[in-house]
2 protein chains.
Amino acid sequence: MRILLIEDEAALARPLAEHLEADLHIVEWFATLDEADSAIRALEYDVVLLDLQLPDGDGLSFLSRIRDRNIRTPIIILTARDKVSDRIDGLNRGADDYVIKPFDLDEVKARIHTVCRRSADQLTQTILIRDLCVCLSDHSVSRAGQPIRLTAKEWGVLEVLLRRKSKIVPKESLEAAIYAYGEEVESNALEAHISRLRSKLGKDLIVTHRGMGYTLQP
Amino acid sequence: MRILLIEDEAALARPLAEHLEADLHIVEWFATLDEADSAIRALEYDVVLLDLQLPDGDGLSFLSRIRDRNIRTPIIILTARDKVSDRIDGLNRGADDYVIKPFDLDEVKARIHTVCRRSADQLTQTILIRDLCVCLSDHSVSRAGQPIRLTAKEWGVLEVLLRRKSKIVPKESLEAAIYAYGEEVESNALEAHISRLRSKLGKDLIVTHRGMGYTLQP
DNA sequence: GATAACCGTAAGGTTGGCGTAAGGTAGACG
DNA sequence: CGTCTACCTTACGCCAACCTTACGGTTATC
């Protein structure tokens, strides 16, 4: 678990960080919103522990800003016992839970666990097409419950076709999708991938439009 | 916390509900078993507060019915001081705790907390996968009863794979999970960890998806 | 202060994905 | 019907991605 701890009081933060690290988590501790902001921009965390009173700004507005940016990382607020309104406000702005200071270290641990679990079984984006079940978020395909293993390139092609559902996708678009700049390829590599995809997913799933491109059969 | 309160005496129920709501819980109050039954069918609660004497039936049989349906939501019984046998009976039928009427509001709160903690710890945190038993909360793994010792990094990798169950997890995600910012590593350290994990947990638990990442074999 | 555990590194081995190309198929058009 | 051409299919071989292992540096443990 990768944890972002935003707390200015070292006396609180340090033991907490140590306790969580002893629990085999990776903790990154910042004392200002400014630092935390660049950290959360650059990296992915599994959970954020956010103190509301910080030297360089209000934790609540930070919270709103994060959610506005559509970052859905679970956030647990660290708040004083008497600041009931802060807690409510925080939950309303998209926090996932709160812990009251002074907190029990094990309680924080427990909250982190439940919050992470909650976010882990979030909805996964799955698409049903003919007898196939394609899950975009886990890169998995199955037919009649039987999982089908695709290679990286095959998946790349399928994903583009799925996203441009029912539209005719030109070969060039597909090639652009699976080859980075500079590693383009001459020859019929794409056609070979299409062929291999068909043999795995069913002969008539992918329809050819001569001279134009490919579509998925709905 | 989402709380289902089943209590017919408004004089008791109302202040309790208010007190719990002030503590930021969500309380849904029903005065009959019938209503409560449909509520618990439809929604998930974190804890149920159950009075045993209700106008439309016996709380104890309701309790049995819930447990028979394999609903494991923690249940706290609200009972009168002189009904000792009811309490024992309740606990035997699967209640998690009891509070004696007339109760102190803060005591109820405390009971709710401990009961929730307990249930969160025990049922959410152990995962069975193939012949392995993995406990997320205490970071232990065992195969056929034999404990297996994992190192910190090995555990970090395994935990992420477990949490993203059945998803293909890219190498970068795994690396991000076990290295804090600034202590990233060049070389195939991750591959080495995967290899060591496989030798400890079984050769085919972790499946490689070339160019994409790793998955756990279900 | 010695022993063990952990982990990054790199070397050497393995393999599956992928590009290639050759031969076949089928729409398009006259 | 014949020809052209875009596309299909298959086998093959290469190589990057990956695996495994040993080694040494560092840190934890007693």
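In helix H3 of chain B (residues 59-68), the buried residues are Gly59(B), Phe62(B), Leu63(B) and Ile66(B), where buried means that 20 or more other C-beta atoms lie within 10 Å of the residue's own, exposed that 12 or fewer do, and partly exposed anything in between, with C-beta atoms placed from the backbone. Viewed down the axis of H3(B), these buried residues fall within an arc of 100°, so they line one face of the helix; the arc is that of the directions from the helix axis to the C-beta atoms. Ser61(B) and Asp68(B), on the other side of H3(B), are exposed, and just after the helix Asn70(B) takes a positive phi of about 65°. Helices (H or I, at least four residues) and strands (E, at least two) are DSSP runs, numbered from the N terminus.

This is a predicted model, in which local features need pLDDT of at least 70 and side-chain atom pairs count only at pLDDT 80 or more, while totals for chains, interfaces and linings use all residues. Residues are numbered from 1 along each chain as its sequence is written, and chains are lettered from A and ligands numbered from 1 in the order in which they are written.

In chain A, Arg14(A) is found in helix H1 (residues 10-22) and is partly exposed, with 13 other C-beta atoms within 10 Å. Arg14(A) and Trp29(A) are 15 residues apart in sequence, and their C-alpha atoms are 8.5 Å apart in space.

DNA strand C is surrounded by 25 residues, the closest being Thr151(A), Ser187(A), Ala189(A), Thr151(B) and Ala152(B); a residue is near a molecule or strand if its C-beta atom, placed from the backbone, lies within 6 Å of it. Helices H6 (152-163) and H8 (189-201) of chain A, together with H6 (152-163) and H8 (189-201) of chain B, each supply at least two residues of this surface. Its residues divide into eight nonpolar, eight polar and nine charged, with Ala, Val, Leu, Ile, Met, Phe, Trp, Tyr, Cys and Pro counted as nonpolar, Asp, Glu, Lys and Arg as charged, and the others, Gly among them, as polar.

Around DNA strand D there are 19 residues, of which the closest are Ser195(A), Thr208(A), Ala192(B), Ser195(B) and Thr208(B). The elements giving two or more residues to the surface near DNA strand D are H8 of chain A and H8 of chain B, and H8(A) provides the largest share, six residues. By class, the surface near DNA strand D has four nonpolar, nine polar and six charged residues.
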